[in-house]
Each structure stands twice: as structure tokens, then as C-alpha cells.
Amino acid sequence: MAILSKEEAQAILKKVISYSKADACEVSLNGSNGGNIRYARNAVSTAGQVDVMSLSVNSTFGKKTGSASINEFDDASLKKVVSRAEELAQLAPENPEYMPLLGAQTFPESKTYNENTATMSPDTRAEMVGKSLGVAKAANLDAAGFLENSTRFNSVMNSKGLFAYNKSTNVSFSVTIRNKEGTGSGYVEQDFNDLSKMDVLALSKIAAGKATGSAGAKAIEPGKYTVILEPLAASDILSNMFRGFDARSADEGRSFMSKKGGGTRLGEQLFSENVNIYSDPMNPELPSATWNGDGIALKKTEWVKNGVVKNLAYSRYWAEKKGVEPIPFGRSMVIEGGTQSLQDLIKSTEKGILVTRFWYIRSVDPQTLLLTGLTRDGTFYIENGEIKFPIKNFRFNESPIIMLNNVEALGKPVRTGSGMIPPMKIKDFTFSSLSDAI
Amino acid sequence: MKRKDFLYLSGIGASALLLPDFGAFANPIDPLQALEKIDVKIKKELADVALNAAKAKGASYTDVRIGRYLNQFVSTRDKRVQGVANTESFGVGIRVIANGCWGFAATNTVTKESIAKTAEQAVAVAKANAKIQGEAVQLAPQKGFGEVSWKTPLEINAFEVPIKEKVDLLMNVNDIAIQNGANFVNAALFAVNEQKYFASTDGSYIDQDIHRIYPTFGVTVIDRASGKFKTQSALSSPMGMGYEYMNARPEDKVAGVITRYKNRYDILGDVKEATRVAKEKITAKSVEAGKYDLVLDPSHLWLTIHESVGHPTELDRVLGYEANYAGTSFLTLDKWQSKNFKFGSDKVNILADKTQVGSLGAVGYDDEGVKCKEWNLIKDGVLVNYQTIRDQAHIIGLKESQGCCYAQGWNDVQFQRMPNVSLESGKAKLSVDEMIKDVEKGIYIIGDGSYSIDQQRYNFQFGGQLYYEIKDGKIAGMLNDVAYQSNTQEFWNSCSAICDESDYRLGGSFNDGKGQPGQSSAVSHGSSTTRFNGVNVINTARKI
């Protein structure tokens with residue numbers, strides 16, 4: 001019910017704009033519906049369904065903007081929300097960084113919507129969770145997981161003629177499977193736009209395998225090790241770095257992208273030569289909307305080429321101040337890799353540690369982007385190209401900047417966490433202490 | 001993550017982009033609208049529609065929460081107002097048990113028809129899940145309270161204070177920082193008002209009016225020549241009180257290397273001192289890694305208590321309900337059953353409560369209609385209890401819930417959330433100066449910083465805002481690059497002294513995350529300055 005078509009959304013937005021008396025008006029109309037099941041101890045613990053739609057108006061006089069919002073869509077309500085936004089704008093302080101509205105833009109159609117996912121029912125969710133529970137129960141293990149699907153539409157229109165619409169679906173699944181003794185734990189997570197790609201049975205079997213395989217972990221000394229990061233582990237640690245590709249904080253001198261003496265590290269060789277990072281909303285494996293909240297088209301953008309920083313994100317305001325074109329932050333980040341599988345990377349490793357995922361990553365020093373966190377749900381010792389035995393979890397203290405200077409090999413990228421991320425082989429990764437956690 | 005995407009996409013305008021994470025469907029409103037109240041009679045009528053509709057479809061238990069959640073957020077950066085947001089989120093969440101299984105549905109169309117339909121959806125969800133359910137839900141009995149109400153004790157409702165007054169105050173904060181040599185400063189003020197109406201088939205109709213406030217800032221100082229930048233955050237605490245928190249009295253100020261605050265806060269005084277110490281950090285010496293006695297100020301220790309005591313004593317974590325996200329707990333049931341698990345030294349007594357005046361956790365009743373109270377988690381160093389809710393109380397042999405159920409909004413299902421968890425002050429008279437006098441080689445840490453802990457809450461690493469070296473009983477100067485690592489049980493057993501109650505202060509988390517889909521809650525942690533002997537300190541400096 002809350003998912004409007006492009007035409008339905010456009011009609012409501014046009015009507016709202018027609019009521020505006022402000023210098024500039026922008027209106028967004030968004031809705032979503034979806035549901036979820038959460039399970040633990042091999043049984044459903046909570047489940048729910050939410051269906052919502054709302055409309056927001058930003059009215060601007062000069063550089064003073066007011067916002068109001070509503071979830072009723074009759075003509076009287078729409079008129080009321082516009083006049084309320086206009087009243088608030090008159091009371092608002094001037095925003096010296098206010099940017100005039102963009103005019104009409106063209107946005108390519110995104111690939112974010114899938115009908116199979118949009119029509120998921122509570123019974124489909126229950127059936128999928130049933131399969132995951134089946135894997136755990138058959139192996140006498142305990143499962144705790146979460147399955148969620150959502151369909152949403154986002155649309156905006158402004159008084160200068162800009163209109164954008166996007167419809168998307170998502171289904172996400174994660175499960176932690178533990179043995180009954182609490183001595184082994186495994187985990188998987190995956191999300192897709194298209195339900196038919198989601199194989200909860202296969203994913204649950206991977207988690208179950210890790211739960212069994214990680215039991216009876218041995219302690220080895222913390223220190224510097226060659227690590228093989230599964231794509232999820234690599235994604236956990238790198239998502240912190242992507243947010244730092246911001247021109248403003250770099251120019252201001254308060255980012256790892258700032259240069260000593262002033263300026264930014266744009267154009268510098270900051271990473272190993274084999275590191276290439278770009279974003280692309282049309283990536284078929286990881287599509288995103290083709291426009292962002294500023295009404296700017298998202299395009300394929302190169303962030304790092306052969307280890308050199310090629311672009312930083314500029315907001316419209318900062319771009320104007322610096323006399324450059326705005327560059328929106330990337331979604332659908334892709335780290336290029338090779339053709340090797342995770343198994344291939346393990347085979348080529350004389351001594352090393354395989355990391356399933358990281359947990360509780362926090363910034364320790366924003367100056368160097370030093371992060372701390374822990375391994376979780378399956379950490380293994382590798383010798384002579386084989387997994388030898390499970391090891392106890394480690395705390396790490398490492399910077400992704402240092403890590404991407406120590407890249408020995410990159411495998412084939414897969415959709416995970418924040419992007420298309422390859423499994424990575426990294427030398428001299430710093431583990432600082434042991435954890436008893438399982 | 002998805003919710004943030006949604007907010008990001010939904011807000012083409014700058015003001016919407018600046019909205020913090022207020023909940024998925026918070027709508028901007030006129031500040032004056034925030035003062036309008038909904039008649040309790042109407043809420044009762046609507047609640048009865050849900051209770052009856054769910055019962056008619058076969059629910060054996062139903063609770064309904066009609067929630068109006070107001071947020072006000074004023075943010076400034078340097079010399080400009082970055083955003084003023086007033087949001088309201090209003091809707092109805094209905095939770096049922098049908099065929100022995102939970103179901104939940106929510107709507108923001110608050111009409112009798114929509115509420116009845118939503119109640120039916122909740123029953124349908126419960127019945128679909130009952131097909132794959134194992135054991136039936138067991139609810140601890142709860143008597144109905146009839147029609148009752150509760151309100152946060154406050155002197156000044158923050159929503160009644162004009163926005164202009166708040167903007168002027170924050171701009172003043174920024175001016176002081178810049179005048180004193182800061183390169184950048186952000187100052188913000190958050191106010192929250194939860195107007196929650198709860199009704200259940202147990203016969204409770206509970207109307208509550210809950211207020212929280214959080215002023216904060218961050219100062220940044222940059223040394224272009226060396227390329228270094230340093231920051232200092234406000235030493236305020238989020239509190240469960242009104243705007244009176246912003247009016248500091250002399251008795252609320254704790255003197256020392258930097259002023260700290262008790263039940264009222266002086267934001268203008270704090271930002272001046274913050275700028276001074278941020279500048280000092282540029283040239284402070286880097287710590288030598290090793291073992292140190294740590295003297296931890298309450299403005300720092302609250303977070304260590306939160307992570308290493310608050311979370312592992314959550315019964316749902318112990319049982320595995322959070323295994324797929326936050327994790328489980330090392331405080332397994334056998335340790336509690338043994339009645340002699342030494343969590344900490346004899347000096348360590350830790351209380352859970354949902355009643356302390358001014359705290360973030362204080363409410364009259366929780367989100368499943370249980371009256372709030374206080375109990376011990378750790379007594380003389382021994383683990384004696386957990387925190388729990390109605391459907392898990394029977395597992396630890398309790399006949400009633402401890403009242404720890406909370407949902408961040410009407411559209412989120414309620415579950416176990418942490419009450420206030422606080423360290424009791426030392427019984428013997430002991431000041432901070434007296435405590436420091438006994439330390440040969442130590443570090444005095446003030447303010448919360450970087451924090452990370454494993455999924456069973458054994459291994460942690462904490463940083464802070466300010467570090468002072470203690471040499472032979474005296475403060476010897478500021479340090480940089482400090483973080484301490486320990487194991488929870490080892491750390492609390494190294495607790496060697498706790499200052500008396502004259503030093504007791506609350507710290508807290510305004511946004512503590514838990515659950516899937518993720519939910520935020522607010523919780524306080526009180527303590528007096530406390531010493532821990534021989535803790536491992538690492539040096540966090542790196543070159544890139």
C-alpha cells in the first residue's frame with residue numbers, strides 16, 4: 001500500500017509544489033513496507049511488519065529554510081504542510097552555506113527493484129527461517145539469526161523542475177550458529193535486491209561448518225601476522241575508511257587525508273599499487289539509486305587508481321568554495337581484485353591467519369585512522385597452504401591505510417557489507433592481545 | 001544502515017540531512033506543536049480497540065503502545081547554525097501472543113480501523129511463526145495497575161524554552177572556543193520527550209511523560225606545521241531531566257585538573273577549559289606502554305561500567321538471544337548459580353535501578369507494564385543477579401520481571417534493555433587527592449573516548465579524553481596516545497579503592513544500540529572516582 005509508482009508519486013509532488021509561495025520549495029515523498037523475523041536458541045524470538053509513508057516539505061525564503069512533514073495526503077493536509085514549512089522558514093536563522101536548488105536533471109533508471117522480493121509474505125519469511133533452523137537442529141547446534149525484507153520508494157521534486165524517483169527492494173539475512181557447549185561459533189551475512197539469489201540453506205551450512213570447525217581453539221601469541229581476510233572481514237574494516245574520502249575535512253586539516261603543512265593528499269600514492277577502488281550505482285551485483293539526497297546524479301567514480309587517491313567527495317557548498325565540480329560520496333563501493341578464490345589465497349600462504357569477520361571496530365586515533373576491534377566467529381591458523389587449527393580470537397590495533405600498503409594479493413570481489421569486496425591477503429597485520437570470547 | 005540510507009535519500013534539503021538518528025519515521029514539526037498533548041481518554045479508547053481486535057482473532061495476550069516521541073535537535077558549527085530539527089513520531093505498536101508465539105505490527109495511521117487491522121496483522125504474524133516455533137512463550141505474571149501515570153521530575157520542560165535561547169547559547173559556546181584558539185567547534189543540544197501510553201490485557205493503562213536532555217560540543221585544534229590535530233569533547237552527561245540541567249550551581253562543580261559536573265552543567269565554562277586542554281594535547285608527551293595504576297574519573301568510568309558490567313549482566317545475552325548481533329556473555333548461568341563467582345574485588349558493589357532521579361533509565365513502568373525498582377547485580381564482588389523481562393524471568397527462577405523492557409519507538413518491538421547500572425561509592429571517607437597520593441606510577445583518566453569490547457565481554461580496550469601521568473603521588477603532566485586493555489574479571493578484581501559518595505556522579509549513553517532491527521536506548525551509570533591497580537596501557541601512536 002505504501003509503495004507508490006513513479007506517476008502516483010509525481011502527481012502528489014506536483015500538487016504540493018503548486019501550493020508553494022516560497023522562493024524555493026523542495027518536497028520529498030517516501031514510503032516503505034516490509035517485515036522481519038528474529039530467531040535465537042533455535043526458535044523465533046520476535047517478528048514484525050511495518051508499513052509507512054510520509055511527505056516532507058522544505059520551503060526557503062532567501063537563505064532561510066523551514067521544514068514540515070505529514071503522513072496524510074488529502075488536499076487540505078497537503079496545503080497545511082506547505083504553509084507550516086513556510087511559517088517555519090520565516091522564523092529560521094539564515095544558513096550561510098545554503099545552496100540554490102538544482103534544476104531538472106536526468107537520472108538513469110536504477111536496477112534496485114525486484115518483484116520477487118517485493119511480494120514476500122510472513123509465510124515466505126517463516127519458511128526461509130525454518131530452513132536455517134533445520135540446518136542447526138540437524139547438526140545439534142544453536143542458531144540465532146535475522147531475516148528482513150523491505151520495499152521502499154523515494155521521490156523528490158523541487159520548484160526548479162527537478163524530479164527524481166527510485167524504487168528498491170532488499171532482503172537481508174544473517175545467522176550465528178554455535179555449538180551446544182559454547183566452544184565454537186560461526187557466522188554469515190548476506191543481502192540482495194533479488195530474493196531469488198538468497199540461499200539461506202547454503203549460508204546456514206557455512207555458519208554451521210564454522211561453528212563446528214572453530215571448536216577447541218588454541219591460543220597463539222599476539223603479534224604481527226600475515227592475514228587472509230574474508231570479504232566480510234575486509235569490508236568491516238574498510239567501511240571506516242570510505243567515510244574519510246571527504247574533501248572538506250581534509251582541507252580543514254582534520255582527517256587522515258590532510259597533508260602536513262596544509263592541503264589534501266589527493267593525487268598521492270597512499271596505498272599499494274594493486275589497490276583500485278571505485279563506486280558505480282549501475283553495478284549489476286550491487287545496484288544503488290542513481291541520485292543522492294542533494295539531487296545530484298550518482299555516476300561511476302574512481303576513488304583510488306593503482307594506489308593513488310584520485311577523488312575526494314565535495315558537497316555542493318564545498319565544491320563551489322573550492323571552484324570544483326561537486327562529487328557525491330560513493331555508494332556501491334567496489335574494490336577491484338583478481339580471479340583467485342578464498343581457497344586459492346589460503347593455498348598460497350605459508351603461515352598466516354584466516355579471519356571470518358571483525359567485531360566492535362572503533363576509531364582509536366582519527367589522525368592515522370588507527371582502529372581497534374576483535375576477530376569473531378571463526379579464526380583459523382594456516383600453515384603450508386592449509387587450515388591447521390582454530391585459534392582464539394584476537395584484538396587488533398591497525399589502520400586500514402597501513403593495511404592497504406601491505407596487500408599481498410586480492411581475490412575475486414563479492415557482494416558483502418558495504419560493497420563488492422575481495423578476500424585479501426595482508427602482511428604484518430597487528431594483533432595486540434588475546435580474547436577468551438567465542 | 002538501511003535506516004540511515006532512507007533518511008539520506010529522503011532528505012533532499014539540508015535540514016533533513018542533518019537529522020540525527022531519531023527513529024525511522026520521525027517527522028519535522030513546529031516547535032509549538034510539541035507542547036500539545038493528546039487526551040488520555042482518547043488513548044484509552046484507541047488502546048481498547050487493539051486489545052479487543054487481537055483477542056477476537058485469537059490472541060491470548062496483547063499489549064498496545066500508543067507513542068508520541070518528540071525530539072528537538074539544535075546543532076551549530078563554528079559561526080553558523082547547522083540545523084534546528086523538531087520531530088514528532090506518532091503511532092501505535094501492537095504486540096500479541098497467539099498460538100504460544102509473539103507477533104508484532106505497527107502503524108502510524110492512528111484511526112480505530114487502522115489499529116484494528118494492525119492488531120489482526122500482529123496476530124497473523126504470530127500464527128505464521130508459531131508453525132516453526134519450539135517452546136511456547138512463558139510470561140511472568142503481572143498485575144494490572146488500572147489507570148496510572150508517571151512523569152520525569154523536572155523544573156523546566158526543555159521544549160518550552162525558545163529555540164532562540166538555545167541557538168544563542170550554542171553560538172556563545174562556539175565564540176568562546178574560537179576566541180580561545182580553537183580552529184573548529186561543533187556544539188549541539190538534544191531534547192527528548194517520550195509520551196507513552198501502554199495498555200495490556202492484564203488491565204493496565206499507563207500514561208507516562210519522559211524527558212531527557214543532552215548538551216554537548218567538540219573542539220578541534222590544528223597545528224598545520226606538524227599536521228597534528230587534537231580534539232576535546234564536552235564533559236557533560238546526558239540526563240533524565242529538564243532544561244534546569246543547563247543552570248550550574250557552585251555545588252555542581254568539581255574542581256581539579258579540569259572542572260567536572262554533578263547534577264547541573266556549565267557549558268560555557270566547560271568549553272573554555274576544553275579549548276585550553278585541546279591546545280595542550282598538541283605538545284603533550286606520548287605515553288610509555290606498560291603497567292599503570294589507573295585513577296578513573298566518573299566521566300570516564302561510566303562507559304567501562306556500561307560495557308563490562310551492564311552488557312554482560314543482560315540475561316537475554318546470557319541466554320543467547322543476542323548471539324547474532326551484540327553477542328552472548330561470559331557471565332553464564334553456572335557462575336551465578338555457584339553463588340561465589342568473583343566478578344570483582346570485595347570493594348565492588350554494583351546496583352541496577354530504573355528509579356534514580358535525574359538518570360536516563362528512570363521511568364515509573366517499563367514498556368510491558370512492570371513497575372520499576374532497584375536491585376544488586378554484584379554484591380561484595382560476587383555475581384548475584386541479572387537484568388530481565390517478563391518472558392525470561394522464569395529462567396532465573398524469578399516470579400516477576402525486573403522491569404527492563406523498552407522499545408525505542410512505537411514501531412519497534414520492545415525487548416530487554418539495560419537499566420541504570422552503577423558502582424556504589426566507597427563507605428570510608430576518601431577524596432580524589434587522597435587516592436592519587438597513594439599512587440606511585442599511574443594515569444588519571446577523565447572523559448570517555450575510544451571503546452571496544454568482545455562479544456562475550458572479556459577483552460576490552462578503552463581510551464579517554466584526558467590523560468595525566470601520576471608519579472610518586474603527584475600529577476606530573478599531560479599524556480597522549482593512551483589506551484588500556486584488560487579482561488573484565490581481572491580488571492574489576494584489580495579495583496583497589498573507591499572514593500566516597502561526595503564524588504559520586506552520573507555519566508551515560510544517550511544512544512545505546514542493541515537488537516535487530518537495531519534500537520537505541522538511553523541509560524545512566526553512576527560512580528565515584530575509582531582506582532584499578534596494574535592495568536596494561538598501550539601506546540596508540542602510528543605513522544601513515
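The centres of domain 1 and domain 2 of chain A, taken over C-alpha atoms, are 31 Å apart. This is a predicted model, so please hear every number as a computed one. As for the bounds, the assignment for chain A puts domain 1 at 6-212, and domain 2 at 214-238 + 337-434.

How many residues bring the two domains of chain A into contact? On the domain 1 side there are 11, and they meet 8 residues of domain 2. Three elements of chain A each supply at least two residues to that domain 1 side: β5 (163-179), β6 (185-192) and α5 (200-213). Of these, β6(A) gives the most, with 4 residues. By residue class, the domain 1 side divides into 2 nonpolar, 7 polar and 2 charged.

Staying with chain A for a moment, there is a record to mention. UniProt, in an unreviewed entry, places the feature "domain: Metalloprotease TldD/E central" at residues 149-211 of chain A. In the model, that span is 56% strand and 19% helix. Its end C-alpha atoms lie 26 Å apart.

Now the contact between the chains. Chain A puts in 94 residues and chain B puts in 75 residues. On the side of chain A that touches chain B, which element has the largest share? That is strand β2 of chain A, residues 43-61, with 13 residues. The chain A side as a whole divides into 32 nonpolar, 41 polar and 21 charged residues.

Strand β2 of chain A also pairs across the chain boundary. Its partner is strand β4 of chain B, residues 101-107; the two run parallel and are joined by 4 bridges.

Last, some pairing inside chain B. Here I would look at strand β13, residues 350-353, with two partners in turn. One partner is strand β14 of chain B, residues 374-379, joined to β13(B) by 4 bridges and running antiparallel to it. In that pair, A352(B) stands opposite W375(B). The other partner is strand β18 of chain B, residues 420-423, again with 4 bridges and an antiparallel run. There, D353(B) stands opposite N420(B).

To put the two kinds of pairing side by side: β2(A) and β4(B) run parallel, whereas β13(B) runs antiparallel to β14(B) and to β18(B).

That is what I have on this model.

Conventions:
Residues numbered from 1 in each chain as written. Chains lettered and ligands numbered in written order. Predicted model: local features only at pLDDT ≥ 70, side-chain atom pairs only at ≥ 80, totals over all residues. Contact = placed C-beta atoms within 7 Å. Nonpolar A, V, L, I, M, F, W, Y, C, P; charged D, E, K, R; others polar. Pairing = 2+ DSSP bridges. UniProt positions renumbered as here; feature names shortened; annotations may be inferred. Domains from an automatic or database assignment.
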